[in-house]
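Colleague: I've got this one open on my screen. Please walk me through it, and I'll butt in as we go.

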Amino acid sequence: MTNQATYGASKHQTGLWLGELVHFYDKAVKAGHTVDVVSPAGGEVPLDPRSLGRLFVDRTVRGYLDDQAFMDTLKATPSVADTDPDDYSTIFFTGGHGTMWDFPDSVDLQRTAQAIYADGGIVSSVCHGACALINLRDTDGNPLVRNRTVTGFATVEERLAGVKSRVPFLLEDELRAKGAKYVRSTIPMTPHAVRDGRLITGQNPVSTKAVSDLILAALAGIE
């Protein structure tokens with residue numbers, strides 16, 4: 001999860017899109033998995049104010065918002081640098097626009113994700129969480145997304161969200177520049193998730209449940 005609370009140096013607030021964490025976390029825990037929440041720098045994970053709007057706070061999100069112990073974990077997360085990749089079978093990059101500033105160039109995120117993948121684990125993301133994929137490399141030193149089918153927040157969705165002028169790059173363009181086969185749903189802001197082997201991605205906030213189901217299926221060995 002991101003530690004970035006604003007759009008760069010501007011006053012406009014962003015952060016973690018809470019539902020993207022909660023919907024994955026809820027499904028994974030109920031399926032019997034242990035989930036640790038970490039961030040690039042450690043410490044507090046800010047919440048994108050938009051993600052707390054009535055349209056996005058369903059019963060599941062409300063339940064976690066009301067769980068003080070869970071919400072307290074977001075105020076003091078461990079740094080990903082302090083985690084051992086050998087302890088994990090999957091890394092899931094949550095979104096929110098904050099990730100555009102602290103995910104792409106985080107050496108610790110890259111080290112952890114690349115180690116998990118090289119050991120046969122799953123690398124996954126939803127929405128802007130795919131910013132973490134941009135600079136990942138495979139064991140041959142090639143971009144991990146090269147010739148792989150992936151998705152993430154689309155340029156048209158940046159425009160619809162009214163923040164296209166605030167972002168430092170366009171995720172769709174960056175993924176394509178790394179050689180990815182970028183795909184998106186025909187209708188913006190609708191669920192869309194894709195699996196390419198052990199690389200699993202979701203397009204936007206409403207894709208979290210779909211991408212979570214693909215991750216859980218992969219963990220269960222279901223093609």
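Colleague: OK, which backbone nitrogen does the side chain of Gln 203 reach?

Modeller: That of Ser 185, at 2.7 Å. Before we go on: this is a predicted model, so local features need pLDDT of at least 70 and side-chain atom pairs count only at pLDDT 80 or more, while totals for chains, interfaces and linings use all residues. Residues are numbered from 1 along each chain as its sequence is written, and side-chain values use heavy atoms, without hydrogens or water.

Colleague: Fine. Which side chain does Gln 203 make a polar contact with?

Modeller: With the side chain of Glu 157, at 2.9 Å. A polar contact here is a pair of N or O atoms within 3.5 Å; within protein, one must be able to donate a hydrogen and the other to accept it, and residues adjacent in sequence count only if both atoms are side-chain atoms.

Colleague: Is Gln 203 buried or exposed?

Modeller: Buried, at 0% relative accessibility. The cut-offs are under 20% relative accessible area for buried, over 50% for exposed and partly exposed in between, using a 1.4 Å probe and protein chains only.

Colleague: And where does Gln 203 lie?

Modeller: In the loop between strand S6 (199-202) and H8. Helices (H or I, at least four residues) and strands (E, at least two) are DSSP runs, numbered from the N terminus.

Colleague: What is Gln 203 in contact with, leaving aside neighbours within four places in sequence?

Modeller: Cys 127, Thr 151, Gly 152, Phe 153, Ala 154, Glu 157, Arg 184, Ser 185 and His 192. Contact means heavy atoms within 4.5 Å.

Colleague: Let's switch to H1. How many of its 13 residues are buried?

Modeller: Ten, so call that helix mostly covered. Among the buried ones are Leu 18, Leu 21, Val 22, Phe 24 and Tyr 25.

Colleague: What do the buried residues of H1 pack against?

Modeller: Helices H2 (59-65), H3 (68-73) and H8 (208-219), plus strands S1 (90-93) and S2 (122-126). After H1 comes Gly 32, whose phi is positive, near 95 degrees.

Colleague: How many aromatic pairs does a search of the whole structure find?

Modeller: Seven. One is Tyr 25 with Phe 70, edge-to-face, 5.0 Å centre to centre with 65 degrees between the planes. Rings of Phe, Tyr and Trp (its six-membered ring) pair if their centres lie within 6.5 Å; planes under 30 degrees apart are stacked, over 60 edge-to-face and the rest tilted.

Colleague: Which parts does that Tyr 25 and Phe 70 pair tie together?

Modeller: Helix H1, which holds Tyr 25, and helix H3, which holds Phe 70, so the parts joined are 45 residues apart in sequence. Tyr 25 and Phe 70 are both buried. Tyr 64 also pairs with Phe 70, and the centres are 4.8 Å apart with the planes at 70 degrees, so that one is edge-to-face. Tyr 64 is buried too, with a relative accessible area of 14%. Tyr 25, Tyr 64 and Phe 70 form one aromatic cluster.

Colleague: New topic: Ile 116. Which helix is that in?

Modeller: H5, residues 107-118. Ile 116 is buried, with a relative accessible area of 2%.

Colleague: What does Ile 116 touch, not counting residues up to four places away in sequence?

Modeller: Pro 85, Tyr 88, Ser 89, Thr 90, Ile 91, Gly 121 and Ile 122. Pro 85 is 31 residues from Ile 116 along the chain, yet their C-alpha atoms are separated by 5.7 Å.
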